[in-house]
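Keep the model open while reading.

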Protein chains: 2
Amino acid sequence: MTASLISGRLAVLSVGLDSFGRSLREHGAASLQLDWQPPGDGDPVVAWRVAQLAGDGADPATPGSRIDRANKVAVERVLAAHPVLMDVALHARDVWPDMDRMLLHAGAPVTWQEMCGPMRGAMVGAALYEGWASTADAAERMLEGGAIRFAQCHDAGAVGPMAGIISPSMPVFVVRNQTHGNVAYSNINEGIGKVLRFGANGPEVIQRLKWFEQVLAPVLKRAVLASGGIDLKAIQSQALMMGDEVHSRNAAATALFFMRLAVAATGADIERHATHEVLKFVADTSQFFLNLSMAAAKATMDAAHGVEYSSIVTAIARNGVTTAIRVSGLGRQWFQTPSDQPAGLYFPGFRAEDANPDLGDSAITETAGLGGFSFAASPALTQLVGGSAAQAMHYSRLMYEITDGRNPANSLPAMDFAAGPVAIDVRKVIDTGIQPVLTTGIAHRSAGVGQIGAGVVRVPMNCFVRALEALSLQSGLA
Amino acid sequence: MTASLISGRLAVLSVGLDSFGRSLREHGAASLQLDWQPPGDGDPVVAWRVAQLAGDGADPATPGSRIDRANKVAVERVLAAHPVLMDVALHARDVWPDMDRMLLHAGAPVTWQEMCGPMRGAMVGAALYEGWASTADAAERMLEGGAIRFAQCHDAGAVGPMAGIISPSMPVFVVRNQTHGNVAYSNINEGIGKVLRFGANGPEVIQRLKWFEQVLAPVLKRAVLASGGIDLKAIQSQALMMGDEVHSRNAAATALFFMRLAVAATGADIERHATHEVLKFVADTSQFFLNLSMAAAKATMDAAHGVEYSSIVTAIARNGVTTAIRVSGLGRQWFQTPSDQPAGLYFPGFRAEDANPDLGDSAITETAGLGGFSFAASPALTQLVGGSAAQAMHYSRLMYEITDGRNPANSLPAMDFAAGPVAIDVRKVIDTGIQPVLTTGIAHRSAGVGQIGAGVVRVPMNCFVRALEALSLQSGLA
């Protein structure tokens, strides 16, 4: 038997580590490399856990089958969610009345001591904007000493890109999921250059925030109320037909939002010059829709949160130090690990060493199937983050491997309108070793420098390993 | 020798007609089919002409080399052209003062007797709109009897989609090629449903045209003048990044135009309600930009027209009976042949038998490298016209075979930002047998029914055969 096996021509299927196959190929043997890695990256405990939690079609009583059923409910909620911009609160304190000398920030909780440069810079800026301090030094002392408290956006039902700072006087978008009735919030996009969310806090930053409060928000509020609500799900869906992945590229979504805004604003009794100023700002801010896309994704994923036993990821958030995930069936707990550095393209004069670790709540869009999951929709984004149209498509294809849903509202034209992948299953990430792809902006690690590039980052595997452990415990299997 | 040839295993490269290869494959022989057809579709005269007119790098004195040099000039003009919307003329007669009881129409000249249903219907509507007649019957008699004259848009420097009717009271866009100084015009898009350009002429059509004259055009004019000009080349270029091919799909281009319009209109001293009405109309008309895209393409291609000896196609126009082309070095002559039927998708209740032959001046966009030539940019368009994303890409790839230029402004994201194909060379169409691809709307053959579908049509080969003959004559070779 052995003799006949090696008497013929040898063709090798090499599974896993490429080095085996490479060695064969170097010696002239035919070898096909199968891209596979053991679940849990070879850790037998993790591999055993994920095997124990696998669904079993034949036995509905297993813990895995119970998770499958829960995920089905969570996916249905994701697909049915219908986020609509209903209002603009003129001040965050109108939404959270007990928000006094308090700042909301992106990601999981973090202390001042641990906090990254851009988030510190943004907090200082917010303190100056609020008038709590008159110098940056004074603001830092207040923040360090606890005179200004801070909490995460997510627990307030909010999301903010990059540093994600929301202070009591800032206006916020009010997005309602019309299907399930839950509400999500976000701050307003400041455009590019020197902006608070990247840690800038100079006079022009503060002045813009004041203009938001005094001019932008009142016009937006009146226009949105006059419109009867702006359908964000429809805009996201259309924008995917128009080269956006609605996270790092929002050129089309912003234009579509702008059309509805301008029609509503000119139809309402708003002073013409204020309307003009606001429209000019939105037209010049191609990422204006980002914050709306995030709030829409938050409203969608919050509806899928809290389904008992579900292993669907309902939030991915980065505070600039850790990347953290929340899981539908695992309550408010964050499963976190140090953030990775995005890989991408840097603006002239900057390089990877300057980059802050991955930052911001914007990865909520990926949990809802946008961003890296819909990368196939946005070959244009490769101009900003690098890569090719084929790679963009490849990312979307990969994400099907780790998701439980297909969203017809996230239809991908380059893939002949395939319904996009949605609802990350912790078990599938572990089982396949495929980390979720996020498209992202890259912040300078020092406060105030701002955005220095854009790229792609993968959610660290350790987040999922920790979540899996909690799922095992929950199922009494640990 | 013969013996050794057939003693081995037979592998056949079959060139041209598939039937040879098919027969071999049916008998189990290996056969590779090469998609090729003889130049001039097997007509030896045509094949000889195209061979005679081929460029010869080694001998700059040949007629073909002279054509090559001329085409280089024409291509440079196409790439350098920079169309900008400078003004809106409130009435066509402001542009053409001697335009009295006269209608401009799409395509090459055509008599009332030969004219297709939709164009007749549109002419009747224009006569009613102008008040030249009070009933459709009376209008028809005037048109038939010569009391209303008609001429082609193209000779007036204008273009109009479908029937392409411009009457003296209609407002027109004024587009200037800032590089070469030439100006082009088009009428204004009416949206979908019952519209003049598809031959509808009922009261709601006339009423809309009156509103164009009284409300839309004055607002557009003031906004455009206040803006200092709206850069159409930039919008086309951006729209190609956003899922438009800027002929049959203009969703992004319209949104981008809308943003500039709304900012300018609210910045100018225009009555708020009129601004609101106009913005609402444009926002609801996703093909609003089509007529601007056409005028931009006309301004671009007119700059490349009249280069002595050039074999570049500077216009493709269809009057609903014939498809006609103009060639840069061949003056105002049209080379025409009966139009083909578009192939595509029909709206519910309609079918191919209902379709009018290919109609309208909008194929000017393809001469400028948009539409079918940039189909790779618009997988979303396949939802309207059928086909797949791969086929859209295939069409763009094919068009490289028949063009002399690559336009970096028409960059195609799905092809990793390749500069799009532009400037159809009559010789290459004949030589390769590849007919230019046009994306197009499909009109019902009866007046007044309107659009019944959308699809793709190829420019008939005979247009190029005729143009080639003229090129041969011009070079003294016929």
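**From chain to strand**

Chain A has 17 helices and 18 strands; helices (H or I, at least four residues) and strands (E, at least two) are DSSP runs, numbered from the N terminus. Its radius of gyration is 23 Å, close to the 23 Å that the globule rule gives for 478 residues, so chain A is as compact as a globular protein of that length. The radius is taken over C-alpha atoms, and the rule is 2.2 Å times the number of residues to the power 0.38.

This is a predicted model, in which local features need pLDDT of at least 70, side-chain atom pairs count only at pLDDT 80 or more, and totals for chains, interfaces and linings use all residues. Residues are numbered from 1 along each chain as its sequence is written, while chains are lettered from A and ligands numbered from 1 in the order in which they are written. The mean pLDDT (the predictor's confidence in each residue, from 0 to 100) of chain A is 94, and 92% of its residues reach 70 or more. For the complex, the predictor gives an ipTM of 0.92 and a pTM of 0.93.

The contact (C-beta atoms, placed from the backbone, within 7 Å) takes 28 residues from chain B and 28 residues from chain A. On the side of chain B that touches chain A, α10(B) gives the largest share, ten residues. That side divides into 18 nonpolar, seven polar and three charged residues; Ala, Val, Leu, Ile, Met, Phe, Trp, Tyr, Cys and Pro count as nonpolar, Asp, Glu, Lys and Arg as charged, and the others, Gly among them, as polar. Because 100% of the interface residues of chain B are also interface residues in chain A, the copies meet through the same surface.

Strand β17 (residues 437-443) of chain B is largely enclosed by the rest of the structure, because seven of its seven residues are buried, meaning that 20 or more other C-beta atoms, placed from the backbone, lie within 10 Å of a residue's own.

Conventions. Two residues are in contact if their C-beta atoms, placed from the backbone, lie within 7 Å. A residue is buried if 20 or more other C-beta atoms lie within 10 Å of its own, exposed if 12 or fewer, and partly exposed in between; C-beta atoms are placed from the backbone.
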